[in-house]
Amino acid sequence: MLICDAHCDTLSRLFNNYKTDRLDITLERLKEGKISLQTMAMYVGGSNKPEDVKRQMDGMLTVYQDLLKNGWVQAFDPSEAEENKVKTMLSIEGCEIFEQDFAYIQLYRDAGVRMAAITWNYENALGTPHCKDATTGLTDFGFKCLFEMERLGIAADVSHLNERGFWDIMNKGHKPPLASHSCARKICDHTRNLNDEQLKALFQSGGWIGLNYLPLFLTGSNDATTEDIARHIRHMYDLGGAGHVGLGSDFDGIGEKPVGLDNPTELTNLFETLKNHGFSQADLNDIAGKAFIDYYKRL
Ligand SMILES: [Zn+2]
């Protein structure tokens, strides 16, 4: 079974000098958890001032290149995922860097970036996040970036984006988007989660969503279990999500975690729960990673 995870903030933690023993994700844990592909985000969270954005992005790329010198392996496409071999893939969380030079989109694609979240929680020149106004859509520049990303095979990530931005991508984009780390709003009413109309449209378009493990997005409180993740996935399957749902842990980006899912080595607990909830082995294969790999074939 190929296991792929669409989001973690480990590069940001390393850039901010977190010690290895405070991280959720290490190479050893990815190996032990049999993760085939871990997507690693370059996340512009500390500050959105242009000079800080550049400093953070450069810093995280350097951190990543250092990892590659120390036994980590980079994949440029999810189809490179293999069993019993840990690979990693780059993503961007918050496209502020594209404001500085449109040519950065090509440059980061060349560096291996295969997904980019239009916004994090800052409003930027492309769009508006979930936590601000829900009705402001993508800007002209946002569409320009979206179309360039589509041309280059960078998935548009709608996690953190507001609802109008989501529909702009759904209605005017040419490729299906993904939500790298979000849950179902019907099960947990949080603006970071996608409502049923969004989920249905995402699945029908050929898009994909990775479940975020943060208890706040799963249950609305600081407590959750793998049962709660199973409830979100079941709801998504009821909306036509089979083959379009997977994992977006948000490890090293989340403080609280579900009981029994503290780091990648504990993923077997989640698969066990899903089995107990009636998901078939084919469903498990899809959720673990196959759906993510298949999604990229449609880009
Ligand atoms: Zn995030």
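Predicted model: local features only at pLDDT ≥ 70, side-chain atom pairs only at ≥ 80, totals over all residues.
## Overall architecture

The chain contains 12 helices and 8 strands. Its C-alpha trace extends over about 50 × 45 × 35 Å along the principal axes.

Of the 299 residues, 51% are buried. When contacts between residues at least 6 apart in sequence are considered, 73% of them join residues at least 24 apart.

## The pairing of α5 and α6

Helix α5 spans residues 104-111 and helix α6 spans residues 140-152; their axes come within 10 Å and cross at roughly 30°. Angles under 35 degrees count as roughly parallel, and α5 and α6 are therefore placed in that class. The crossing of the two helices, α5 and α6, is right-handed.

On the α5 side, the contact is formed by Ile105, Gln106 and Arg109, which meet Cys145, Glu148, Met149 and Leu152 of α6. Sorted by class, the residues of this contact comprise 4 nonpolar, 1 polar and 2 charged.

Most residues other than glycine have a negative phi. Asp250 has a phi near 70°, a positive value in a non-glycine residue. Asp252 likewise has a positive phi, near 65°, and is also a residue other than glycine.

Asp250 is located in the loop that runs between β8 (245-247) and α11 (267-276), and Asp252 is placed in the loop between β8 and α11 as well. Are these aspartates buried or exposed? A residue is buried if 20 or more other C-beta atoms lie within 10 Å of its own. Asp250 has 25 other C-beta atoms within 10 Å and is therefore buried. For Asp252 the count within 10 Å is 22 other C-beta atoms, so Asp252 is buried too.

Because 20 C-beta neighbours lie inside 10 Å, Leu299 counts as buried.

Which residues does Leu299 touch, not counting residues up to four places away in sequence? They are Gly153, Ala155 and Lys175.

Terms used: Residues numbered from 1 in each chain as written. Axes fitted to C-alpha atoms, helices over the stretch in contact; angles between N-to-C directions. Helix = DSSP H or I, 4+ residues; strand = E, 2+ residues; numbered from the N terminus. Parallel < 35°, antiparallel > 145°, perpendicular 65-115°, else oblique. Left-handed = near helix turned anticlockwise from the far one by under 90°. Contact = placed C-beta atoms within 7 Å. Nonpolar A, V, L, I, M, F, W, Y, C, P; charged D, E, K, R; others polar. Buried ≥ 20, exposed ≤ 12 C-beta atoms within 10 Å, placed from the backbone.
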